[in-house]
Structure formats: C-alpha cells, structure tokens
Amino acid sequence: MTQIILISHANNSLAKQLIGKLDNAIVVAPEDLSDIQSGSSYVYFPQSADRDGMMPDLGEARRVFQFAGARDGSQFVLISSALIYGTGPNRPPFVDENYRAPGNSGGYIRDSWDSLESSAVIQLEGKNTLTILRLSAVEGSSAFPARLFTHRFMPTLPGHDPVLQLLSLKDLAQAIRCVVGQQKSGTFNVAPDTVVPLHKAVRLAHGSRIPMPRTLSRLARHAETLEYLRYSWTISNHKIKQELGFIPSLSSAAAFRQKNNSGELAIANEPEFDPFGMDQDYIRFYGKTLFKFLSEFYWRIEDKGLEHIPVSGRGVLAGMHRGFMPFDGVMALHTIVKKTGRYPRFLTHPGLLKFPFLANFMTKLGGVLACQESADQLLENDQLLGIFPEGIHGAFTFYRDSYKLQAFGRDAFVKLALRHRAPIIPFVTVGSAEIFPIFGKIKSRRWTRYADWPFIPITPTFPLLPVPLPSKWHTQFLPPISVEQYPPEAAEDRSVVKAISRQVRSSMQQAVDDMLARRRSIFFGSIFERSPDESQSKPVPV
C-alpha cells in the first residue's frame, strides 16, 4: 500500500484529525522533508499566512513544491480552497472548476490561492502526478468561516443569510483516498451535495448568532473576509463524481451537527434546504400577512389567465417589470403560490443582493442571481423560471413610456426555453408603473458602483419618502408559446430566436394596450370582463 505523507505544520487541525481516518498516513512538517524518500503520495496542507486562515503561506509553499519537484514520479496532492473563486453579488452559485472570477472581484484572498496553484503547476506539472483539491469549508477546520462554528457565539451580518457547504472530515479523507488510489491528475472541487443557510447552520452547531453591523465587524477582521458571510460561495462537485466516482456520504447539515457529536452520526429526519436559499415557510408566512395586505387591500390586485401556468413541469415566465423596486415580481410570486400552489423562481439583478435585509428577503422568496448557470439548473429540475426580458432598464423606464415594452436585449429567455424545451408563458401588469412613476433621473457613477442602478430615479415619493403609491393593479397571464416544434439546437439559430422573441413581445404589448384601453382610473375600477360561467382562480392549500 502506498504510504500517504501529510505535509503540514503540527498545529494544522485538518491534518491532525485526518490521521485517524487515513490508513498508512503520517504527518511530516515542511521543514523535515529532506529525509522522505520518493515513491510516496504527498498531500500538502498549506500553512495559513493570516489570522483568519484564509490565505496560504506562499513562501513555504514554494519550498515544498521545490522539494516535490526534485522527486520525479511521485504523486502530489495540493489541498487548495474554494476561496479561489472569490465571492460577491455577481458570483454564480455552484461554480465548476473552469470558473474564473472577473478581474475586479475576489481581491487578495482569491489572488493568493490562485498564486498557490499556479506555483504548483509551474514546478510540478510534467514531473509528478499533480492533483489539486479545492475544498469548501471543512468540519473542524481552524480556517474562516468554519472556525466560527467552534465558538458558542458567532458573529453574523444583519440582513444576510447566505447558504454554506460544510464538508465532513470523513468525506475529505475519502476524497484523498480516492485521488491517491486512482493516481488521477487534475483539479477537482470537493464539497457535499447539499447546503445550509448560515442562520440554520449556527443552530445545528448549537451556537448563537450575534448580529454585528459591517462597520463594527470591520474592526475585528478585514472587510474582504466579511464578504464570505455576506454572499453565498457554493461550488459544484459534478466533476469529481463523474471522473473519480467520489460521492459524499454526509450532507452539510450532518457535518454541522457532527461538530458536537463523537463517532459516526446517523441523522433521522435530516432537514433539507433549498440549494439557492428559498424558504417556503417564509413565503407562506408573508403570504398570510404582508403580501395579503398589499395584494388585497393596498394594490387590490386582480388577475386573469392563471390556468395558463402548467400544473407541473418546467416553464419560462416572461414578464414586464416596472417601478424599479421588485414589488411586481413579489406580487406575481404571491399570486402564483396562492392560486396554483407552485413556487416560481425569479432571476434577480445582483444589485438587489447587495443591500442587507433586501438581499435576505429576495433570496428567501426564491430570487436567484441572473445568470445562465442558475437558469439551466432550475429548468433542468422542472421548475418555473421567472425572467424580465427587458432587463434593468425596463424597470427604470420614464413614466411617459412605461407601458411601451423596451427591447428584449439578447433574448436569453428564448434560448433557455429552446434548450430546455420549456413553454414560454408571458405575463403583464398594468398598475405597477404608478407605484413609483419616474419623472426624472440623476446619473451618478458613485451610486451606480454602489448599487448597480443605472440612475437615481426621481418620483413623487422617491428618494425623499420611498413609499409606493396605492395604485390599482391588474395582472394577466397569456397563453403559453410552445417551442416543441424546434430542436434544442435552434437556440443557436438567430432567426428562430428573434422570431419567437417578437411573438412574445407582440403578445405582451397587445395585452397591455388592450388593458390600458379598458382602464378608466389609475386607482379604481376593474378592467377584466368575465362571463357568468367563468370562474375565478381559487386559492390552493400551500
């Protein structure tokens, strides 16, 4: 059996705990490598260069790589980190090994791990079998953020509840055995299949949260470190499953619970959490309180055409967004949940995920970062995906043009529907443009960098008193547009995509024009005519 040599300082908690889980393994300090012979499998745990354990010691790493490079034919496993992908409001969830954070995001933490891996590749690739394992947070680690769960009280950022992945020590040991046994080179993410929201994770670890504003938290640690408690930074484990057959045995919830249990842990009725952070209990609570008040009393929303929403299976909801705040999307969610029992997921602009409390609110309602990776995963899981094809500029339309649909940009929603063979269900709302009618705009580069809004809108109440006006709303869901007659490859055919996009836009504009022609007042009256035998959509138990 090939001996496994864990290269690590004596104070590295992961290496010490793995000794009991890896057969024929020993721990050797980086300064004691000269006596090691070739033919072994080296697993290197970089020493931390900062107090939070978020950055590797690059100087020590280069010395270790030089040692390993002089022993041709050996296997070298570098324990890297998912921190290499960075974090932030624009970072997609469940990124794979090919993801590269944009140059202006990630900062020095991401750059330090990138430098570590680059150094390993330069000195070892071609001489040794080099395998890089990028780990999510690991149970029992002394690195941030896992180290926070070793304390009774854990500081968190108010208004943010990102989802986390926690890899158990048992699964980390199994991943190392799997790599060593197969002598496989390459880069692999190592993470559990499931996630846990941060606040739930604290409870599972039998801790207590101490909400601390960012201004105070910055006094205790670097601002960039706090971003990993502000945004989710999940990774995909698809590659290591497919190429090495490694299947994690414990979920993130089990790893958090195992922190305070000895030996193997069997969990009955283990809680399941949405991979993107949606909380259906949260939606139901607000559906009986705030959303009910807004829908039935403040905006008095009337709806039509809910029978066009599929009872099951995937679908793309293409809507019109006005009022620059996400009220119309929230009310569409409430209406669909209440009257069909389905929980649609809306692609969300990253600017909405920056602000405390609003970020938490949007995430728990099912808002998902607007990116292709998220959209593909949701449709593959046969969910309803809500998209506003006009993009953010549609939400900031001047009031005089508020009911003229803007261009649909790249028509990404059509391409998604074609690739996944999902029907497109257009829907429009008349009345939401009046809650914050935009009469002016102020351009500000500083505000745009801060909020990702193209302008500061000027309305009768915003920004002085940001209270939406109590206009009367009417929402209509239109007959679905099927794409079954096209193959998935049609998503690359510009003429097909444009033709479908024009059809969707035309049907939406026609519906809006008809609804406006029937409207007699912004604040009162109904515009939907129903025959005596036409039944209203009835609520379903949720």
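## A guided look at cores, helices and a buried aspartate

Visitor: Which residues have the most contacts inside the largest nonpolar core?

Guide: This is a predicted model, so to speak: local features need pLDDT of at least 70, side-chain atom pairs count only at pLDDT 80 or more, and totals for chains, interfaces and linings use all residues. Residues are numbered from 1 along each chain as its sequence is written, and side-chain values use heavy atoms, leaving out hydrogens and water. A nonpolar core is a set of buried (under 20% relative accessible area, 1.4 Å probe, protein chains only) Ala, Val, Leu, Ile, Met, Phe, Trp, Tyr and Cys residues joined through side-chain atoms within 4.5 Å. The largest one here has 53 residues, and those with the most contacts inside it are I7, Y44, F65, F76, L78, F149 and F256.

Visitor: How are helices α10 and α11 oriented to each other, roughly parallel or oblique?

Guide: Helices here are DSSP runs (H or I, at least four residues), numbered from the N terminus. The axes (lines fitted to C-alpha atoms over the stretch in contact, with angles from 0 to 180 degrees between N-to-C directions) of α10, residues 280-288, and α11, residues 290-298, come within 3 Å and cross at roughly 45°. Under 35 degrees counts as roughly parallel, over 145 as roughly antiparallel, 65 to 115 as roughly perpendicular and the rest as oblique, so α10 and α11 are oblique.

Visitor: Which side chain does D303 join in a polar contact?

Guide: D303 sits in strand β13, residues 302-304 (a strand is an E run of at least two), and counts as buried because its relative accessibility is 5%. A polar contact is a pair of N or O atoms within 3.5 Å, one able to donate a hydrogen and the other to accept it. At 2.4 Å, the partner of D303 is K339.

How values were computed:
Buried < 20%, exposed > 50% of the residue type's maximum accessible area, 1.4 Å probe, protein only.
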